[in-house]
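Hi there,

Here is the structure I promised to pass on to you. Please open it and keep it beside this email while you read, as I will go through a few places in turn.

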Amino acid sequence: MNFSSFLHSTNENVTVTGPHKRQRWVNCSLLSDTYSCRSIIVTKFVKMVRAIDTCASYKILFIPAIFGSASFLLYLITAQAPGLTEEQRAGLRLPRNLADLVTIAAFLQQYKAENLGYVFFLFSCAYLYKQSFAIPGSVFLNILAGAIFPCLVAFPLVCILTACGATLCYLMSCAFGRQYIEQYFPEKLAIIQHKVKENHDRLFYFLMFLRLFPMTPNWFLNIVSPVVNIPIHQFFLSVFLGLMPYNYICVQTGGILSSITSLDDVFTTEILVKLLCLAIVALLPSLIYKRKAKISGAM
């Protein structure tokens, strides 16, 4: 017997007189309304879940939209450069090679004499732009910072901008890219997930090792970190501290930019060996902790 038949039979077989008759009809009406409301709620919930799944498929479209907006904003900042001609403004671009870097550095060294605040702001925006969207070539901006600012200003500046830009990349990946990272990088993702789980109790030291290791693809580590559930505070600190040696080398190089003929002059074999040694030192606490845990478990 379905619900409607139950209500019908109840109305036929039960005779209620007096004031209770009206109350009985009210109760049946309320039961009927509740049944209908539940059906509507379930239907709407199913539609909402389907809509969320559909929206998740289009989340990735937010990234080109944000990228386009950021590019336009950077263009507007460049277009508002005070005291420059159109031709000079066109020269304010992101360096793509060493020749571009030398030309832009020479121009900004003169231009900052009267427009230091604008140069500082433009450089910061350009750096965050490159880091946030994992655009290759941050080494050029690190060297550029050393060429146009004193080392005591340039070094902390690039460390802060590196950590902030990488964190913005982390947040965009977390919000819009998780599904696609899992889809297009399953093998690399599985390797990193395994390492993160293996070093869960000493995760910060492991992250420091990855940042200090000279061959680590930092751009990939930035976008995959939220997917493998690396806490954002550990992520930020590991970028800020772990990339300090690399940033310092680049900033120092900016002071002798005119004597450099290629990037091989920056990252010599000696420099790479030193960075590798630093990475091993950063990993030592993790290895010691792991060894102690094994000994405790054996006892």
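Predicted model: local features only at pLDDT ≥ 70, side-chain atom pairs only at ≥ 80, totals over all residues.

Now look at helix H6 (residues 116-132) and helix H7 (residues 138-148). They pack at an angle of about 165°, and their axes are 10 Å apart. H6 and H7 are therefore roughly antiparallel to each other. The crossing of H6 past H7 is left-handed. Which residues make the contact? On the H6 side they are Val 119, Phe 123, Ala 126, Tyr 127, Lys 130 and Gln 131. On the H7 side they are Ser 138, Leu 141, Asn 142, Leu 144, Ala 145 and Ile 148. Sorted by class, the contact of H6 with H7 has eight nonpolar, three polar and one charged residues.

H7 has another partner to look at, helix H13 (residues 244-254). Here the packing angle is about 55°, with the axes 6 Å apart. That makes H7 oblique to H13. H7 passes H13 in a right-handed crossing. From H7, the residues Ser 138, Val 139, Asn 142, Ile 143, Gly 146 and Ala 147 take part. They meet Tyr 246, Asn 247, Cys 250, Val 251, Thr 253 and Gly 254 of H13. In the contact of H7 with H13, six residues are nonpolar, six are polar and none is charged.

Next, the aromatic rings. A pair of such rings is described by how far apart the centres are and by the angle of the planes. How many aromatic pairs does the structure hold? There are 18. One of them is formed by Phe 120 and Phe 149, with 5.9 Å from centre to centre and 65° between the planes, and it is edge-to-face. This pair links distant parts of the chain, as its two residues are 29 residues apart. Phe 120 sits in helix H6, while Phe 149 is in the loop between H7 and helix H8 (151-184).

One last stop is Arg 89, which you will find in helix H4 (residues 86-90). A polar atom of the Arg 89 side chain lies 3.1 Å from the backbone oxygen of Leu 84. Setting aside neighbours within four places in sequence, Arg 89 is in contact with Thr 78, Ala 79, Ala 81 and Leu 84.

Enjoy exploring, and send me your questions whenever you like!

Best wishes

Key: Residues numbered from 1 in each chain as written. Heavy atoms only, no water. Axes fitted to C-alpha atoms, helices over the stretch in contact; angles between N-to-C directions. Helix = DSSP H or I, 4+ residues; strand = E, 2+ residues; numbered from the N terminus. Parallel < 35°, antiparallel > 145°, perpendicular 65-115°, else oblique. Left-handed = near helix turned anticlockwise from the far one by under 90°. Contact = heavy atoms within 4.5 Å. Nonpolar A, V, L, I, M, F, W, Y, C, P; charged D, E, K, R; others polar. Polar contact = N/O pair within 3.5 Å; in protein donor to acceptor, adjacent residues only side chain to side chain. Phe/Tyr/Trp six-rings, centres within 6.5 Å; stacked < 30°, edge-to-face > 60°.
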